[in-house]
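Please open the model in a viewer and follow the selections below in order. Each stop names what to select and then describes it.

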Amino acid sequence: MRETDFVSGFARGLKVIEAFGETRQRLSIAEASKLTALDRATVRRSLLTLAELGYADYDGKFFTLTPKILRLGHAYLAATPLPALLQPHLDHLSEKAGQSASASVLDGTEIVYIARASQRRVMSINLTPGSRLPAYCASMGRVLLAALPESEARAVLARSELKQNTANTKTDPEELIAEFRRVRAEGYALIDQELEIGLCSIAVPVENDRGETVAAINIGAPAALVPASEMKERYLKLLTETQAALRPLLRR
């Protein structure tokens with residue numbers, strides 16, 4: 001891309017939108033400036049523009065995003081056939097497993113949920129399409145990172161905040177790279193309460209008809225009911241059956 005093709009003002013506006021999150025629902029200009037590393041004047045113009053266009057509300061001090069912002073995410077979901085194709089298969093998988101089943105894609109250092117079939121809530125956060133989790137400590141994230149060339153996976157880890165969520169969380173880059181190699185060899189990722197205490201999950205890649213990984217699917221279960229040592233025996237066959245059913249439907 002030529003330098004003249006890059007619209008810097010648009011890029012800064014998107015960065016301001018991305019500053020909002022589950023724990024940052026209301027932001028002042030100063031807070032948004034600190035989070036984005038943009039100067040206050042730029043942030044102020046971006047936020048006021050969002051408010052003028054109806055994408056944000058402003059009470060004189062704090063800005064909050066409005067439901068209109070969902071149009072931006074809906075554009076992706078509407079234009080991409082993958083979520084609609086996956087959903088009935090996830091519904092069937094969840095019903096057979098008796099647990100929640102999800103699908104996600106990789107976006108930078110995070111996974112983004114694109115479809116979900118929920119049996120019961122097993123996490124403290126409410127996961128829906130559009131929800132994000134750090135890739136390094138999520139089962140679907142490890143599947144997706146394992147599908148990358150190792151140099152790219154290392155680059156993602158270098159940009160990630162490798163946070164110790166629980167005593168089980170793997171944060172050493174070399175240990176994670178070794179885990180990615182195991183995932184590639186064995187075809188699945190298993191997480192034992194690394195993202196959150198009480199949650200185990202198992203994931204496999206979703207591949208197209210050429211064997212290219214385009215997404216990941218998983219089953220999550222409460223550790224108190226299904227310990228990690230039982231996840232593979234209980235759910236891997238169901239996941240690989242779903243994986244096989246999807247492959248011929250996903251043509252490049």
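Is the crossing of helix 2 and helix 3 left-handed or right-handed? The crossing is right-handed, a term used when the near helix is turned clockwise from the far one by less than a right angle, anticlockwise being left-handed. This is a predicted model, in which local features need pLDDT of at least 70, side-chain atom pairs count only at pLDDT 80 or more, and totals for chains, interfaces and linings use all residues. Residues are numbered from 1 along each chain as its sequence is written, and side-chain values use heavy atoms, with hydrogens and water left out.

**The helix pair.** Select residues 29–36 for helix 2 and residues 40–52 for helix 3. Helices are DSSP runs of H or I with at least four residues, and strands are runs of E with at least two, numbered from the N terminus. The two helices pack at an angle of about 115 degrees, and their axes lie 9 Å apart. Helix 2 is therefore roughly perpendicular to helix 3 (65 to 115 degrees). Axes are lines fitted to C-alpha atoms over the stretch in contact, and angles run from 0 to 180 degrees between N-to-C directions.

**The contact.** Next, show I29, A30, A32, S33 and T36 of helix 2 with R40, V43, R44 and L47 of helix 3, which make the contact (heavy atoms within 4.5 Å).

**The whole chain.** Zoom out to 9 helices and 9 strands. The C-alpha atoms fill a box of roughly 55 × 40 × 40 Å along the principal axes.

**The domains.** Finally, colour domain 1 (6–69) and domain 2 (79–247), whose bounds come from an automatic or database domain assignment. Their centres, taken over C-alpha atoms, are 31 Å apart.

Technical notes
Parallel < 35°, antiparallel > 145°, perpendicular 65-115°, else oblique.
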